[in-house]
Amino acid sequence: MSRYALFGRSVAKSPSPQIHAAFARQAGIAMEYVGLDVEPGALPAALDAFAARGGRGANVTVPHKQAAFAACTRLSARARTAGAVNTLRLEEGQWYGDNTDGAGLVRDLTGRHSLDLRGRRALLLGAGGAARGVAPALLEAGVRELVIVNRSPERADALADALGEPGRAHTRYWEDLAGIGDFELVINATSAGRDAGAPLSLPFALCNDMTGAVDLNYGEVAIPFLAWARAAGLRTIVDGLGMLVEQAAESFEIWHGVRPDTDPVYALLREGAPEPATA
Ligand code: ATR
């Protein structure tokens, strides 16, 4: 039986083991996928120990995506641009790193939610591991402009530099949010609300008639941003549950060479998490 794991913090609550178990049943593959809590700084040792126990691949989540990037010997182009890794595969005793977050988000938005991202003006709130994972894919999907705004401006600048498309991807200050115009896509990639911090306070001036609001978080953490989007009267409001399932499917394909059918798995998870657009 091949062994896989999710490394993160408080992973007992993560649906990822359930998602991968469902994919494996679909594909008729015998595999183990477990969640493992790892302290900050302990990821390299945990990955080594996992490989020694027969681990073949791993997902990495908060707060270890940048540490995972550093732990990999080889990297995909998109992981290199992101500076963050969420999927690892053991190759000849060394970890290969990829990042499936962006592809997962784009597949959820364009497929499940029928959003056309091409030509859109997009606002990315945040510049941490989650934002870095999705930014390259948003550019690749054809957004016209990607404005990155982060509480700490130097992290936003570093992300814009890494993207290397100054004409399309650039930064503005958080304090200026009320005066930077409106967007067809507003993406919350911050972790505000995850650790009992104050929820985001965002101006409605960011929205126009077409604006879609997307939170990369799901469940309780996503509630304040989704409530803001509803208060703004937006019609397209998306939480991170679909992206979670789609990035998992991308990882599954990297490990097993099989593309799972995500719809039944998404439907199952959605039963326990009400649709944001209809709440
Ligand atoms: P993740 O992997 O989820 O992206 P992270 O790398 O710790 O986690 O990044 C968290 C992001 O949320 C950062 O962009 C952070 O802003 P800073 O870089 O200024 O720390 C952002 N963030 C967290 N709490 C926030 C808050 N209350 N308001 C605005 N941004 C917040």
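**Pockets, sheet and annotated sites**

I start with the second largest pocket, where helix 3 (65-71) and helix 6 each supply at least two residues of the lining. Please keep in mind throughout that this is a predicted model.

How large is the volume of the second largest pocket? The value is about 670 Å³. Its lining consists of 30 residues, and those closest to the centre are Arg151, Arg155, Thr190, Ser191 and Ala192. Divided by class, the lining of this second largest pocket has 11 nonpolar, 13 polar and six charged residues.

I turn now to the largest pocket, which holds about 1,100 Å³ of space. Its lining is made up of 37 residues, with Thr61, Val62, Arg194, Asn217 and Tyr218 nearest the centre. By class, 17 residues of this lining are nonpolar, 13 are polar and seven are charged. Which elements each supply at least two residues of the lining of the largest pocket? They are strand 3 (55-60), helix 6 (129-140) and helix 9 (241-256). Helix 9 gives the most, with four residues.

Next, the annotations. An unreviewed UniProt entry lists Ser14, Pro15, Ser16, Thr61, Asn86, Asp101, Tyr218 and Gln247 under "binding site". Of these residues, the lining of the largest pocket includes Ser14, Pro15, Ser16, Thr61, Asn86, Asp101, Tyr218 and Gln247. Ser14 sits in the loop between strand 1 and helix 1, while Tyr218 belongs to the loop between strand 11 (207-215) and helix 8 (223-231).

Under "binding site", UniProt (unreviewed entry) also lists Gly126, Ala127, Gly128, Gly129, Ala130, Leu216 and Gly240. From this set, Ala130, Leu216 and Gly240 are part of the lining of the largest pocket. Ala127 is placed in the loop between strand 7 (121-125) and helix 6.

Let us move to the sheet. Strands of a sheet pair through backbone hydrogen bonds, in either a parallel or an antiparallel arrangement. Here, six strands form an open sheet with mixed pairing, in the order 2-1-3-5-6-4. Why is one side of strand 2 (31-37) and of strand 4 (74-75) left without a neighbour in the sheet? Both stand at the edges and each has a single partner strand, so one side of each has no neighbour there. Within the sheet, strand 5 (residues 87-91) and strand 6 (residues 94-98) pair in the antiparallel sense over five bridges. For Leu90, the bridge partner in strand 6 is Trp95.

Helix 1 (residues 16-27) lies across strand 1 (2-8), strand 2 and strand 3, and runs at about 170° to strand 2. Helix 9 lies across strand 1, strand 2, strand 3, strand 5 and strand 6, and its angle to strand 5 is about 5°.

I close with two details of the backbone. Most residues other than glycine have a negative phi, and most peptide bonds are trans. In this model, the peptide bond from Val62 to Pro63 is cis, with omega near 0°. Pro63 lies in the loop between strand 3 and helix 3, and Val62 is one of the residues nearest the centre of the largest pocket. The second detail concerns Ser10, a residue other than glycine with a positive phi, near 50°.

Conventions. Residues numbered from 1 in each chain as written. Predicted model: local features only at pLDDT ≥ 70, side-chain atom pairs only at ≥ 80, totals over all residues. Heavy atoms only, no water. 1 Å grid on protein atoms, 1.4 Å probe; cavity = no way out; pocket = protein on both sides within 12 Å on 5 of 7 lines; lining within 4 Å. Points joined across faces, edges and corners; volume = space filled by probe spheres on them. Nonpolar A, V, L, I, M, F, W, Y, C, P; charged D, E, K, R; others polar. Pairing = 2+ DSSP bridges. Contact = heavy atoms within 4.5 Å. Axes fitted to C-alpha atoms, helices over the stretch in contact; angles between N-to-C directions. UniProt positions renumbered as here; feature names shortened; annotations may be inferred.
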